[in-house]
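Take a first walk through this structure.

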Amino acid sequence: MFSWIVWRDLKLAWRRRADVLATLFFFVIVVSLFPLGIGPETQLLRKIAPGVVWVAALLASMLSLGRLFANDYDDGTLEQILLTPQPLYLAVLGKVLALWIVSGLPLALISPVLGVQFGLPRNALLVLLASLLLGTPVLALIGSIGASLTLGLRSSGVMISLLVLPLYIPVLIFGAGAVDASISGVGVQASLSLLGALLAVSLVFSPWATAAALRISLE
Amino acid sequence: MMLEANALGCVRGDRRLFSQVSFQLGAGSLLQVQGPNGSGKTSLLRMICGLLQPAEGEIRWQGKTIQSIGEDYFADLAYVGHRNGLKEELSSMENLSISSGLAGFAAGREECATILQSMGLAGREHLPARLLSEGQRRRSSLARLLVTRKPLWLLDEVFTSLDSAAVGMLKKLIGDHLSGGGIAVVATHQELDIRAGSFQRLELAS
């Protein structure tokens, strides 16, 4: 069941790969606009790099959230998923995993390349990659709660942002904090451990909350 | 095999759609749900599915309330609603094999192809669902009933947009399902001339 959901969503994402690429390009362009706008001041760029990359990642991940359940809701396949003889928790986890593979993972993988534009040292680039690898699954997991709560609403895109962005703040603080710490030569372990803890907690609780919200949305 | 509903009531918003709806369906029984638009036919079917909580009353499957059996109940029921439950980007073949996989049956390619052929979709198995006509999409969605082989069928207005040949074929499928000991609940205005072990009609008033 779990693997069927992941396989199905990856296949659908492949058929609509323009959507996936749009998220990635959005991230790349938003991050690249800052060095162009601010000019070649290495010190300043290096200072703002962690925040800029992380905020761009937050916004980019909002783009794909609207599609997580809305398409399945419209064509009735979400009903059919609810009526399968396995726990809904697993189905939600499968959908979030597929979402992360097509939207979170590519962002994390391309981030070191973007970090070079800001003159980040090598260590900081690796920490940036690590923090995004740990943080983007949390974004997808928390975002899935917002996506399920706003299902069927008319202005769901705006509602998701209002609901979810405040919940992203801890991820932003620890994610950007880890890269900051690495630039200034302080240990990064504390921030990365906290990100890992956030991932563990959201992995346990958010699919459960999302499943409950889906049941209510489909009543 | 036994599906029971005891004194079901449905409230949507502040409107009461129906109350005191009761029935008992054993193996081979067919229940036709009728009523004017907005009388709660779809709500009743969604209630029997477990998608909608009844405002009052209870539904029992094999003697146990459906809330207490949880996901195991879904292993026994197949629901075809207004929305076809097909992914537009995927072909009928892929839609069918994914549905069967999600239901825990994982039918092979040949089995799916045979079923789609019997639904009159031969030669169109690999077209994306968005290129099919409305009736063909409905056929493709009904193929799910055959691949998952569940004992309880809940069919909501399934005859819409089907041509007369397909209507006949679907009635025959329901008949075969009933004579194999299945149960079917069908919401429709069509005359259901199907041989059933027991045939009940439920008229919802508006």
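What follows is a short tour, one region at a time.

This is a predicted model, in which local features need pLDDT of at least 70 and side-chain atom pairs count only at pLDDT 80 or more, while totals for chains, interfaces and linings use all residues. Residues are numbered from 1 along each chain as its sequence is written, and chains are lettered from A and ligands numbered from 1 in the order in which they are written.

Start with chain A and its helices. Helices (H or I, at least four residues) and strands (E, at least two) are DSSP runs, numbered from the N terminus. Helix α3 (residues 42-75) of chain A meets helix α7 (residues 156-183) of chain A. Their axes come within 8 Å and cross at roughly 150 degrees. Such axes are lines fitted to C-alpha atoms, for helices over the stretch in contact, and angles run from 0 to 180 degrees between N-to-C directions. The crossing of α3(A) with α7(A) is right-handed. A crossing is right-handed if the near helix is turned clockwise from the far one by less than a right angle, and left-handed if anticlockwise. What kinds of residues make up the contact of α3(A) with α7(A)? They divide into 15 nonpolar, six polar and two charged. Here Ala, Val, Leu, Ile, Met, Phe, Trp, Tyr, Cys and Pro count as nonpolar, Asp, Glu, Lys and Arg as charged, and the others, Gly among them, as polar.

α7(A) also packs with helix α6 (residues 122-149) of chain A. The angle is about 170 degrees, and the axes are 9 Å apart. α6(A) and α7(A) are therefore roughly antiparallel to each other. Angles over 145 degrees count as roughly antiparallel, under 35 as roughly parallel, 65 to 115 as roughly perpendicular and the rest as oblique. The contact of α6(A) with α7(A) holds 18 nonpolar residues, seven polar and no charged.

Now look at A:Arg17 in helix α2 (residues 17-38) of chain A. A:Arg17 is exposed, with 10 other C-beta atoms within 10 Å. A residue is buried if 20 or more other C-beta atoms lie within 10 Å of its own, exposed if 12 or fewer, and partly exposed in between, with C-beta atoms placed from the backbone. A:Arg17 and A:Ser184 are 167 residues apart in sequence. Their C-alpha atoms are 39 Å apart in space.

Turn to chain B. Helix α5 (residues 109-118) of chain B and helix α6 (residues 134-148) of chain B have axes that come within 10 Å and cross at roughly 130 degrees. That makes α5(B) oblique to α6(B). Their crossing is right-handed. Which residues meet there? B:Glu111, B:Cys112, B:Ile115 and B:Leu116 in α5(B) meet B:Ala143, B:Leu146 and B:Val147 in α6(B). Two residues are in contact if their C-beta atoms, placed from the backbone, lie within 7 Å. Six residues of this contact are nonpolar, none is polar and one is charged.

Stay with α6(B). Of its 15 residues, 13 are buried. At 1.5 Å a residue, α6(B) should span 21 Å, and its end C-alpha atoms are 22 Å apart, which agrees. The expected span is 1.5 Å times one less than the number of residues. After α6(B) comes B:Arg149, with a positive phi near 50 degrees.

B:Pro151 sits in the loop between α6 and β7 of chain B. With 18 C-beta neighbours inside 10 Å, B:Pro151 is partly exposed. Leaving aside neighbours within four places in sequence, B:Pro151 is in contact with B:Met1, B:Asp76, B:Gly182 and B:Ile183.

Two further residues of chain B deserve a look for their phi. Most residues other than glycine have a negative phi. B:Gln20 has a positive phi of about 55 degrees. B:Gln20 lies in strand β2 (residues 15-26) of chain B and is exposed. B:Ser161 has a positive phi of about 60 degrees. B:Ser161 is in the loop between β7 (152-156) and α7 of chain B and is partly exposed.

Last, the two chains meet. The contact takes 24 residues from chain B and 20 residues from chain A. On the side of chain B, α3 (71-74), β6 (77-80) and α4 (92-102) each give two or more residues. The largest share of that side, four residues, comes from α4(B). The residues on the chain B side divide into eleven nonpolar, seven polar and six charged.
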